[in-house]
Amino acid sequence: MASGIMEVVLVNAKGDGIDPYVVLKYRGQERKSRVIRGAGRNPVWNEKFKFRAEYPGGDDKYKLILSVMDKDTFTSDDFLGQATIYLKDLLALGVENGSAELPPSKYKLVASDQRYCGEIQVGVTFTPKVQEEAYEEEEFGGWKESEY
């Protein structure tokens with residue numbers, strides 16, 4: 001099993017929202033973008049987030065879920081839409097080639113009633129950690145303690 005770092009670049013979005021932010025979830029890990037106050041329909045984040053990733057993992061849940069929310073001050077935040085990016089092929093390619101990248105692309109946002117409600121632009125890079133070879137302990141020459 002190879003493990004490494006998956007870097008997600010959150011670029012921008014288009015859709016409804018007054019004070020949007022994004023919650024990014026990947027296999028039990030969660031990150032949150034900053035709130036873009038007054039951005040309305042075209043927020044721009046240009047933020048990077050890092051996640052630990054393993055391939056192959058114990059299950060087939062290689063998906064990044066992006067939930068776009070609207071920050072509210074006096075009530076609970078509103079859900080605006082969600083996009084899911086499947087990453088199994090990206091992780092497999094990264095393990096095989098030493099790294100892999102999905103350049104920033106647009107993904108459709110789907111509202112809770114399953115209607116299209118905008119888009120979000122995201123890029124993803126996976127770089128596996130280089131496994132250091134385990135060396136057996138070797139004895140090297142050196143001073144020995146004398147009995148004198």
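This is a predicted model: local features need pLDDT of at least 70, side-chain atom pairs count only at pLDDT 80 or more; totals for chains, interfaces and linings use all residues.
**Figure 1. Overall fold of the chain.** Residues are numbered from 1 along each chain as its sequence is written, and side-chain values use heavy atoms, with hydrogens and water left out. The chain contains 1 helix and 8 strands, taken as DSSP runs numbered from the N terminus (helices H or I, at least four residues; strands E, at least two). Their order along the sequence is β-β-β-β-β-β-α-β-β. Of the contacts (heavy atoms within 4.5 Å) between residues at least 6 apart in sequence, 60% join residues at least 24 apart.

**Figure 2. The largest nonpolar core.** A nonpolar core is a set of buried Ala, Val, Leu, Ile, Met, Phe, Trp, Tyr and Cys residues joined through side-chain atoms within 4.5 Å. The largest one has 32 residues, of which Met 6, Tyr 26, Leu 64, Leu 66, Ile 120 and Val 122 touch the most other members. Two or more residues of this core come from each of β1 (2-15), β2 (20-26), β4 (44-55), β5 (63-70), β6 (78-86), α1 (88-97), β7 (100-110) and β8 (116-128). In soluble globular proteins, nonpolar side chains tend to be buried together.

Figure 3. Beyond its neighbours within four places in sequence, Ile 120 is in contact with residues including Leu 10, Val 22, Leu 66, Val 68, Ala 83 and Tyr 107. Gln 121 belongs to strand β8 and is buried, at 18% relative accessible area. Residues up to four places away in sequence aside, Gln 121 touches Val 9, Leu 10, Val 11, Asn 12, Pro 104, Ser 105 and Lys 106.

**Figure 4. Salt bridges.** With a salt bridge taken as a side-chain nitrogen of Lys or Arg within 4 Å of a carboxyl oxygen of Asp or Glu, the count is 7. In one of them, the closest N and O atoms of Asp 16 and Arg 41 are 2.5 Å apart. Asp 16 lies in the loop between β1 and β2 and Arg 41 in the loop between β3 (29-32) and β4, 25 residues apart. Glu 47 and Arg 34 form another, at 3.1 Å; Glu 47 is in strand β4 and Arg 34 in the loop between β3 and β4, so the bridge ties together parts 13 residues apart in sequence. Glu 47 is buried at 17% relative accessibility, whereas Arg 34 is partly exposed at 41%. A salt bridge also joins Glu 119 and Lys 106 (3.7 Å, N to O).

**Figure 5. Aromatic pairs.** Rings of Phe, Tyr and Trp (its six-membered ring) pair if their centres lie within 6.5 Å, and planes under 30 degrees apart count as stacked, over 60 as edge-to-face and the rest as tilted. There are 2 aromatic pairs by this rule. Tyr 26 and Phe 51 are edge-to-face, with 6.3 Å between centres and 70° between planes. Because Tyr 26 lies in strand β2 and Phe 51 in strand β4, this pair ties together parts 25 residues apart in sequence. The rings of Tyr 55 and Tyr 62 form a tilted pair, with centres 5.6 Å apart and planes at 50°. Tyr 55 and Tyr 62 are both buried.

Definitions and conventions:
Buried means under 20% relative accessible area, exposed over 50%, partly exposed in between (1.4 Å probe, protein chains only).
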